[in-house]
2 protein chains.
Amino acid sequence: MKLELSRVVQGCRLGLLTGLGKSGQHSLEVPGCLLYTRCATVPHLTQDTLHTLRDLPSVTQVSVDSLAEHHEVLKEFKEGVRKFAGLHDTVLFCSLHDSANSSPAGHVTNKTVSVWGSGGRIELTVARFMAIQAAIQPDCYQSMADGETWQAGTSRKRVRKAVDRTLAHLDECLALHQKTQELKQAEIFGVVEGGDILEERLRSARETAKRPVGGFVLDGFHSAAMDQDVRVQLIKATSAELPQEKPRLVLGVGCPDEVISCVEAGVDLFESFFPFQVTERGCALSFNYTIDPDPETAGTSTPTVLEFNGEMPAVKKLNSNGDENMTPYEMNLKDKRYQDDFRPLVEGCSCYCCKKHMRAYVHHLLVTNELLGGVLLMLHNMAHYLGFFKALREAITSDRLQDFKNRVLHCREGD
Amino acid sequence: MKLELSRVVQGCRLGLLTGLGKSGQHSLEVPGCLLYTRCATVPHLTQDTLHTLRDLPSVTQVSVDSLAEHHEVLKEFKEGVRKFAGLHDTVLFCSLHDSANSSPAGHVTNKTVSVWGSGGRIELTVARFMAIQAAIQPDCYQSMADGETWQAGTSRKRVRKAVDRTLAHLDECLALHQKTQELKQAEIFGVVEGGDILEERLRSARETAKRPVGGFVLDGFHSAAMDQDVRVQLIKATSAELPQEKPRLVLGVGCPDEVISCVEAGVDLFESFFPFQVTERGCALSFNYTIDPDPETAGTSTPTVLEFNGEMPAVKKLNSNGDENMTPYEMNLKDKRYQDDFRPLVEGCSCYCCKKHMRAYVHHLLVTNELLGGVLLMLHNMAHYLGFFKALREAITSDRLQDFKNRVLHCREGD
């Protein structure tokens, strides 16, 4: 695995992560995202439905929490999760937790962390964690980590302990990794902890960078953990301690404005749980990320025409009877105003849902709890989110990041 | 619409229903089934996923109960449910109720019947019923009917009233049908009621047959309504009163043994809610319907090889911790015994699920409540059910109905 940076503009790293997968033939553009799954499946979608989407990420994310209780079966199966779940040829990245769920806190010890499966809590030592990785057979995985330091007001002592434990887990993981035949070609991502304490973030980054890791996971930066300004400053400082040629994946950050600010702070990779969360609340991503063609380069690229349909999403009004987590980047298709709206979700969008269906029909599916509603929304939301990342990379390439930010953040004006 | 019977063997009518759809270019083989939908969508499946199935029925069933509350929107849309729901080119049949749900009884009056949408009860006069049909724009639809006479012990007087009301509704429907521009090319199916009283069944059939209907709906024969022997005798007697050249659709019958006995009694068409119900309880249809090739004709046809894997479904045992509605034709994929079963659901099945996935993975999806579990089961169950109907027609064609029955009913031995 190797990250080839082609340019760095205003802190944004544009590049290509190459040599991925068992045979090293896969690559992933950065800034970019992994393909979010639960139980190794993209929620709502079959592999074939999923592959109606263009520009799918070459890396699929699975998590230990949804697979741990199937450890014995996977071990007996012997051929790893990729084959067990019938996935197409893809690179597998395995993280500890599913970022779309929040886990109860207070179950970390010096030697163990806990994950929650459908049957309840599962306590993991490093030995058990590594045995599960050997059964999952990912191409890359994050090492075991104590990530319970994101709550506001966590003491300096607790944060220090989390950094120490996480480094100790990493050393143990690396030692076992060497001895595990099934993980011979896999790479470990070291986890940077440190809560909101700059000194601990720097120590965690420096110490992790000394170990033979393939990349870095930035943990404890998710939306609920801290203000955006604090996050950006901490990530900037942390990034400066990490080697340029190794990728950095931030966990728990998915909202478009937060993604942009993390990219400016030096982050390369994101998860894609965000479009899934939007889907589950019956919403469709509808923000505009298409910048007007530069008159000098017009004609060399043909961005998809996306219209905002002249409507403001009116989040505040919707939130009164909608989901409190709703962001300004989405429209609530359950809202009655869409019941006789015969337009596609987003004009000009080329996803399966927008090509075939109207807002009124999706509204109808959602209010009658038909399962196809989630299928169609998930297809659109993934397409929109992947399109956003592609447009972000193009904006960096063409030195038009400010135009891109103006466009994406436009819908927040007046907040 | 015209039913061309090619042969009648032991009461079974084999034929082709032709001249279906607006332009009359569609046809449907009988005995056969309609494509079950809710809100005009096959539950769990997109149109594209659905079309991975072979031999899909050319007729799609929608029901008034799931569409009535969207009457105003459909009316404003003006182009009917087929286009509203983004359906492929298909014939639409509209029934009153969704047979997969049971509706509360006790809400029928002389002039109205009630259906239940997601927002509660909707009372329909014939005028409103016909206005809804004008908005739905089906190719065929059942007339409004009083079907609340299936409970055991319904009085003779109540049954007589239901037959009278249903005939009166039919006459009103036919009168309004003539005046409705949107239904110009559509056909009405008259509804035969009569509960379990032979005399009323015969009267209902004779009177309905006198009206200018395109076909007949046999109502009140569903599994919970009466014993199989009673149903068969009543349907046989009723069929004898109906013209040979018009199709007969029975509502609420879906289990394979019941389907076979109805076909022997003269029924042509069925719904396909049964594979959906099987899916919703986490089960997969797994009964064998492939008859051994006749030595004299071997080589002329190549039936799919279906193996029962040497296991009895052990329904009674499973029912103790499973779904009480489970039939001997299915396996409960939630059962722990499948957690390390790396075979397809049914060996040799050519559906998407069986080609790509193992029982262990489907089990894993179901126990963790992943939505893909329902998608995969629905694909398999529809494929299996459509295969059953195809094999039934082939058995009638080749005079091997008894072999077919022995094969299908085999799994009930020992019950």
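Is A:His44 buried or exposed? A:His44 is buried, because its relative accessible area of 8% falls under the 20% cut-off. Please keep in mind that this is a predicted model.

**Around A:His44**

Let us begin with the place of this residue in its chain. A:His44 sits in a loop of chain A, between strand 5 (35–36) and helix 1 (47–50). Its side chain makes a polar contact of 2.8 Å with the side chain of A:Glu280. Leaving out residues up to four places away in sequence, the residues that A:His44 touches in chain A are A:Thr279, A:Glu280, A:Leu371, A:Gly374, A:Val375 and A:Met378. A:His44 also touches B:Leu371 and B:Val375, in chain B. That brings us to the way the two chains are arranged.

**How the chains are related**

Two copies of a chain are related by a rotation about an axis and a shift along it. Here, chain A is superposed on chain B by a rotation of 180 degrees with 0.0 Å of shift along the axis, and the RMSD is 0.0 Å. This is the relation of a two-fold axis. Within chain A, A:Thr49 has the C-alpha nearest the axis, 3.4 Å from it.

The copies meet through the same surface, because 100% of the interface residues of chain A are also interface residues in chain B.

**The interface in numbers**

The size of an interface is often given as the accessible area lost when the parts come together. Here are some values for chain A and chain B.

| Feature between chain A and chain B | Value |
|---|---|
| Area buried | about 3600 Å² |
| Share of that area from carbon and sulfur atoms | 64% |
| Residues in the contact, chain A | 42 residues |
| Residues in the contact, chain B | 42 residues |

In chain A, the residues that lose the most area to chain B are A:Phe84, A:His364 and A:Glu370, which together give 16% of what that side buries.

**Polar links and helices**

Four salt bridges are counted between chain A and chain B. One salt bridge joins the side chains of A:Arg38 and B:Glu370, at 3.0 Å from N to O.

Among the elements that give two or more residues to the side of chain A that touches chain B are helix 1, helix 4 (80–84) and helix 14 (371–397). Helix 13 of chain A gives the largest share of that side, five residues. By class, this side of chain A has 20 nonpolar, 14 polar and eight charged residues.

Technical notes:
Residues numbered from 1 in each chain as written. Chains lettered and ligands numbered in written order. Predicted model: local features only at pLDDT ≥ 70, side-chain atom pairs only at ≥ 80, totals over all residues. Heavy atoms only, no water. Helix = DSSP H or I, 4+ residues; strand = E, 2+ residues; numbered from the N terminus. Buried < 20%, exposed > 50% of the residue type's maximum accessible area, 1.4 Å probe, protein only. Polar contact = N/O pair within 3.5 Å; in protein donor to acceptor, adjacent residues only side chain to side chain. Contact = heavy atoms within 4.5 Å. Least-squares fit on C-alpha atoms with pLDDT ≥ 70 in both. Buried area = accessible area lost by both parts, 1.4 Å probe. Nonpolar A, V, L, I, M, F, W, Y, C, P; charged D, E, K, R; others polar.
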